[in-house]
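Take a look at the structure below.

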Amino acid sequence: MPAPLQTTRRSLLVLSAALSSLALTAPVALAAPSPTPTPTTSATATTTPSPSASSSVTPTATPPANMSSVGGTRLAMAGTQVNLTAGVPVLPKDVTARSWIVSNAESGAVLAAHNAHWRLPPASTLKMLFADTVLPKFPKTTEHKVVASDLAGMGAGSSLVGIKEGESYTVHDLWLGVFLRSGNDAVHVLSHMYGGVDKTVADMNAHAQDLQALDTRVVTPDGYDEPGQVSSAYDLTLFARSGLQKKDFREYCSTVSTKFPGETTKVKGKSVRGTFEIRNTNRLLSGDSDVSVYPGIAGVKNGNTTNAGATFTGVAERNGKVLLVTVMNPEKDEHNEVYKEAAKILDWGFQADGKVQPVGELVAPKNVPQASAQPGATATGEAGGDTAAKTSATSAASASEEEDASGGVGIALAIVGGLLVLLAGGVFLVNRRWPLPDLVRRRPRP
C-alpha cells in the first residue's frame, strides 16, 4: 500500500474510533437533553430532588441526588427519565415503584426509567446473578446427594422448594427449584457444589463487576435480606440480559410448572421416589386470581422480602420486539402489585419502542468481544458448555472489520460520515449488541 494511502487509512480509523468513543462517553450533551425546570415540547423528564447523595451500600429512604451514570448520564438522575415527543404515548400514571426501568433487550436501548441506579435490596431477583454465575459450571445431568452441611446457613423464613437431606437430585432439578419456587435450599446446595457459599458470593461479586453492574454488592447468594446487600433496577436488568444468553437459563426461567422429586419411601418392600408439583411464582408467567398471564412473557425472576418489598424482572416478546422490565418495591400495597405495574410498563414499552428516543443504554460486559452479532444469531450458553459464544457489535466495529478485509478507505469514510450524522442529529448511540438467541416464545395457554 502506498505510504500516503496507508497514512490516510490509519488517520480515518483513528478518527472513527475517537468519534465512536465520544458518542458513547458523552451521551447527554450529544444525545438526550437533560431535564430542565421548564418543560419543552420535545422531551420531558421528571426529577425528584433528594437531600442525600450518600454512596453508602445501605439504601436510603429517598433516592440519592447523584447515582451511577453507567449507561448514560440521564440514568444517574433521580426521578422519571423519558423523552415524551410527539407520537410517544404517555407513561402510566399509577406506577408507584421506588425504581423501575424498561428497555429493548436486543438493542439495549433504555426506553424509560425511574431511579434506575437506586441501590435497593434485591430479594430473590438476585438469583438471576447467581444462576448466570454458577449455571455454566455443571451439566444438567450431574447428580448430587444432599448432606446436612449443604442446607446449613439459610435465613429464617427462607423460601424453600423442599429438598431433603440424604436424597439425590440432578442439577436440572435444583435449577428448577431455584427458578420456580425461589428455593433457597436449592441455592445453598448448588453453592456448596460450586465450592461453598463464600466462593459463590465472591464469584457473583466478580461477575457483577464484569457485567458492569456496579450498583450491586452480594452478601448472600440467594438474595435473603442482609445488611449491605443491594442492587438496582439497572443491574438486575443486566443480569437478566446476560442470563438469557444461556439456553438452560431460558428454559428454567420460562417453565410454568413441573414435577419435583420428593422423598423416597418403602412401598411393599421397594424403594419408591415420589414427586410433587411446583409452579412458577412469577405471576405474569403462571397467572393468579387477579393477574392474567402476560402475552409474550418468557421469564425471568421475582422476589419478595421484608426489606426489599416485591421485586421483579421480566422479559416479553411482541411482534418481534423483545423488552425487559424491572420493577422494585411498589409503594401501593395491593396483592400482586409488582406484576400489575410491570405489565403496565411493558404495555407502554411495546407502544413506545421505535418511537421514543432512548434515555440510555444497557452496557455490554467488559469481556464481550466486539464482533458482529446480527439479530437471530445463536449462542450455546448451555450449562457445562461453551459460554464464550456471546458476541457484541457496533456498526463501527463491523465496518472496521470489513475495511480490514477489503483494504479500502471508503468504508472508513462511511464510518466517520455515519457517526457525524448521528452526533449532529443528537441521537443517542445505542449498540445492537446482544440479540437473544432462541428466546423462548410463549405458547398459547388454556
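## A charged network

Lys332 is partly exposed, with a relative accessibility of 32%. The model here is predicted. Lys332 meets Glu334 in a salt bridge between their side chains. The N to O distance is 4.0 Å. Glu334 is partly exposed too, at 43% relative accessibility.

Glu334 also forms a salt bridge with Lys340. Here the closest N and O atoms lie 4.0 Å apart. Lys340 has a relative accessibility of 24% and counts as partly exposed. Which residues make up the network of salt bridges? Its members are Asp290, Lys332, Glu334 and Lys340.

## A bridge across the sequence

The whole structure holds 11 salt bridges. One of them joins the side chains of Glu167 and Arg273, at 3.4 Å from N to O. Where do the two partners sit? Glu167 is in the loop between β5 (143-145) and β6 (168-170). Arg273 is in strand β8, which covers residues 270-279. The pair therefore ties together parts that are 106 residues apart in sequence.

Is Glu167 buried or exposed? Glu167 is buried, because its relative accessible area is 11% and the cut-off for buried is under 20%. Arg273 has a relative accessibility of 31%. That value makes Arg273 partly exposed.

## Helix α6

Now turn to a helix. Helix α6 runs over residues 197-210 and has 14 residues. How far does α6 reach from its first C-alpha to its last? The span is 20 Å. That is close to the 20 Å expected at 1.5 Å a residue.

Just after α6 comes Gln212. Gln212 takes a positive phi of about 65°.

## The buried face of α6

Which residues of α6 are buried? They are Thr200, Val201, Met204, His207 and Ala208. Look down the axis of α6: these buried residues fall within an arc of 125°, so they line one face of the helix.

What covers the buried residues of α6? The cover includes three other helices: α3 (127-134), α5 (184-194) and α7 (233-243).

## Looking back

Find two places again in the structure. In the first, Asp290, Lys332, Glu334 and Lys340 are linked by salt bridges. In the second, buried Glu167 pairs with Arg273. Then return to α6 and trace its buried residues, among them Met204 and His207.

How values were computed:
Residues are numbered from 1 along each chain as its sequence is written. This is a predicted model: local features need pLDDT of at least 70, side-chain atom pairs count only at pLDDT 80 or more; totals for chains, interfaces and linings use all residues. Side-chain values use heavy atoms; hydrogens and water are left out. Helices (H or I, at least four residues) and strands (E, at least two) are DSSP runs, numbered from the N terminus. Buried means under 20% relative accessible area, exposed over 50%, partly exposed in between (1.4 Å probe, protein chains only). The expected span of a helix is 1.5 Å times one less than its number of residues. The arc is that of the directions from the helix axis to the C-beta atoms. Contact means heavy atoms within 4.5 Å.
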